[in-house]
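The entries follow in the order I took them.

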Amino acid sequence: MCGITAYIGYRDAYPIIINGLKRLEYRGYDSAGIMLYDGESINLSKTKGKVSILENKIKEEISDSGVIGIGHTRWATHGIPNDINSHPHISQSGNLAIVHNGIIENYSALKHELIDRGYSFQSETDTEVLINLIEEIKKTEDVKLGKAVQIALNQVIGAYAIAVFDKEKPDEMIVAKLGSPIAIGIGKDNQEFFIASDASPFIEYTKDAIYLEDGEMAIIKKGREISIRKLKDDSLIDANVQELQLNLEQIEKGGYEHFMLKEIHEQPQAIIDTLRGRLLTDKGIIKISGLENNMKRFLNAERIIIVACGTSWHAGLVAEYIFEDFARIPVEVEYASEFRYRNPIITEKDIVIAISQSGETADTLAAIKLAKSKGAFVFGVCNVVGSSIARENDSGVYTHAGPEIGVASTKAFTTQITVLTLIALRLSRAKGTMTSADYRLYLQELELIPKKIKKVLETDEHIKAIAKKYLLSTNCLYLGRGYNFPVALEGALKLKEISYIHAEGYPAAEMKHGPIALIDDRMPVIVIATSKGHYEKVVSNIQEIKSRSGKIIAVVTEGDTAVREIADHVIEVPDTEEALTPLLTTIPLQLLSYHIAVMRDCNVDQPRNLAKSVTVE
Ligand code: M6R
């Protein structure tokens, strides 16, 4: 979590850094801070709260001049969110400044050693320990900043992406990474460099970027080639400069009030992008190169284990139904955080599919490393190109959803399901577990999904009206069966994370085993009751809720009459094949959560206590 950004060049650093922090704010928004170097002094301003608060504070506190600066937006780990614990942190001498994303696990022992050597600390953070450790090494070992950073990082246990500045070497910036992402944008003729947790802060300035790998350090000097070294053995590494595909439009709100709403509405296009070049309906072909290249492994797999967190885990649950149904391969879906710590049984005959939007989730990354160490083949489903998870996998596929900035995951979920459906269909063809007629039908239906989602999006005003009736609820139940059970879980997660209403998702038939005790006339129950998939059973569940005075909001197939008679509200989605219904039924649940959260005056894009990419375990 946390976003870091830095600039060294010839332009005013302040606007670049403050705008960069706004773009990185999705990574954490407990506090924010900036250090600017004006050629003589280090000017520091930091505050609890969001970047907008920092912006106002800076105007009152410091000069915003200088062509070098570093900035940070924080998701608190060590120390409560307050001004003092905010980054950047300055070393005891006042010469060094650092921004850090990650956790230094052995900071306490290092801190005691430094206290014994005469250091005192202003904050409770692990980062202040790191910058003073660097200073102490620089002083006692009489080495340059880069060397001091390298020695310090070899003493550190934990994760980091850091940018370090030394007033005594103002043309230089040191950047290093282990476990947390960092990108370096390269300006024309190396006259300027941009550093950030992702490329969004600098896309209007350069398309050339280097993504540091774990255990690497970059020494960045104005007007000179970047030198990249391995932290462990100091060996030089060739810089791999990539051309960024991102554009400014993709990371702006484009007229929508919130990123989440924009991203909900982007789903038809996002799915078209996911399917492009992969679903060739006319030819009856599905082409995913990462899969084709490893087809033998997939066909011989005895089991697929899916590892993921949060919404991506829900996509994994949908995939479990699809893979078992279509391709007849046994599937287990694991929370990455549990899987990594429970000595799981993994063999070389297993395929592990890791799903992650950000590609940076610490638990998912650790689960991948564990699976690989036990000989399993790891296949990734990621959205962010070049992310840590995308690089760590043996092979994989990108979802191509485009940047997802709202903390609540929306288009990532539907594109993950889309890609996983394509994989399952391709495997079913190769294994002969699906008839040609069914296969063709699915291909055709999949192609129609974007249009059908557009139709669901047209019901927005109706959903908003329903949201108005339930915005004061304190609890909410979500029920679904089969393919739509994970959708119920996802609906509940969406509501709780952005509106802070307690919500639970259940398989509809589990109601009778406990949750039904919660039903009364104040309990809204959202039921997914599409015509294909245990319809009659779900209708019976709805009756059971009704007879206990629960309020029913049902997501039904267009033209449904039976549920309409008993439910308080119905939201229609177009008909499709059962396995594809999650791609449609998810949409009204996203919109319902969104509207309730907006009406409750919640910060939809940056809900409290959360961050978009969870790079700490
Ligand atoms: O980037 P990832 O897909 O690995 O992230 C996993 C979860 O942190 C994420 O899905 C989270 O649950 C979302 N906030 C849900 O909306």
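**Entry: largest cavity.** I sorted the lining of the largest cavity by class and got four nonpolar, eight polar and two charged residues. The model is a predicted one, and totals for linings use all residues. I then looked up the volume of this largest cavity, which is about 100 Å³. It has 14 lining residues, and I noted the closest to its centre: Cys-2, Trp-75, Thr-77, His-87 and Gly-102. Which element gives the largest share of the lining? Strand E6 does, with three residues. E6 covers 96–104, and both E6 and H4 supply at least two lining residues each.

**Entry: second cavity.** How many cavities of 30 Å³ or more does the structure hold? I found two. I listed its lining as Arg-481, Tyr-483, Asn-484, Ile-528, Thr-530, Lys-532, Gly-533 and Glu-578. By class I noted two nonpolar, three polar and three charged residues there.

**Entry: a cis bond.** I went back to His-87, one of the residues closest to the centre of the largest cavity. The peptide bond from His-87 to Pro-88 is cis, and its omega is near -5 degrees. Most peptide bonds are trans, so I flagged this one. I placed Pro-88 in the loop between strand E4 (68–74) and strand E5 (89–90).

**Entry: a positive phi.** Arg-328 also went on my backbone list, with phi near 55 degrees, a positive value in a residue other than glycine. Most residues other than glycine have a negative phi. Where does Arg-328 lie? I found it in the loop between helix H10 (310–327) and strand E19 (331–335).

**Entry: H3 and H4.** The axes of H3 (residues 107–116) and H4 (residues 126–140) come within 9 Å and cross at roughly 50 degrees. That angle makes H3 oblique to H4. The crossing is left-handed. On the H3 side I noted Tyr-107, Leu-110, Lys-111 and Leu-114. They meet Asp-126, Val-129, Asn-132, Leu-133 and Glu-136 in H4. I counted this contact by class as five nonpolar, one polar and three charged residues.

**Entry: H1 and H2.** I turned to H1 and helix H2 (residues 51–61), whose axes come within 9 Å and cross at roughly 155 degrees. Angles over 145 count as roughly antiparallel, and H1 and H2 are therefore roughly antiparallel to each other. From H1, the contact takes in Tyr-14, Ile-18, Leu-21 and Lys-22. From H2, I listed Val-51, Leu-54, Glu-55 and Ile-58. The class count is six nonpolar, no polar and two charged.

**Entry: largest pocket.** Last, I looked up the largest pocket, which holds about 1,200 Å³ of space. Its lining has 49 residues, and the closest to its centre are Asp-198, Leu-246, Ile-251, Val-384 and Pro-403. Which elements each supply at least two of the lining residues? I noted helix H1 (13–24), strand E15 (241–243) and helix H13 (388–392). By class I logged 15 nonpolar, 18 polar and 16 charged residues for the pocket lining.

Conventions:
Residues are numbered from 1 along each chain as its sequence is written. This is a predicted model: local features need pLDDT of at least 70, side-chain atom pairs count only at pLDDT 80 or more; totals for chains, interfaces and linings use all residues. Side-chain values use heavy atoms; hydrogens and water are left out. Axes are lines fitted to C-alpha atoms, for helices over the stretch in contact, and angles run from 0 to 180 degrees between N-to-C directions. Helices (H or I, at least four residues) and strands (E, at least two) are DSSP runs, numbered from the N terminus. Angles under 35 degrees count as roughly parallel, over 145 as roughly antiparallel, 65 to 115 as roughly perpendicular and the rest as oblique. A crossing is left-handed if the near helix is turned anticlockwise from the far one by less than a right angle, and right-handed if clockwise. Contact means heavy atoms within 4.5 Å. Ala, Val, Leu, Ile, Met, Phe, Trp, Tyr, Cys and Pro count as nonpolar, Asp, Glu, Lys and Arg as charged, and the others, Gly among them, as polar. On a 1 Å grid over the protein atoms alone, a cavity is a set of points where a 1.4 Å probe fits but cannot get out, and a pocket is an open set with protein on both sides within 12 Å along at least five of seven lines; lining residues have an atom within 4 Å of a point. Grid points are joined across faces, edges and corners, and a volume is the space filled by probe spheres set on the points.
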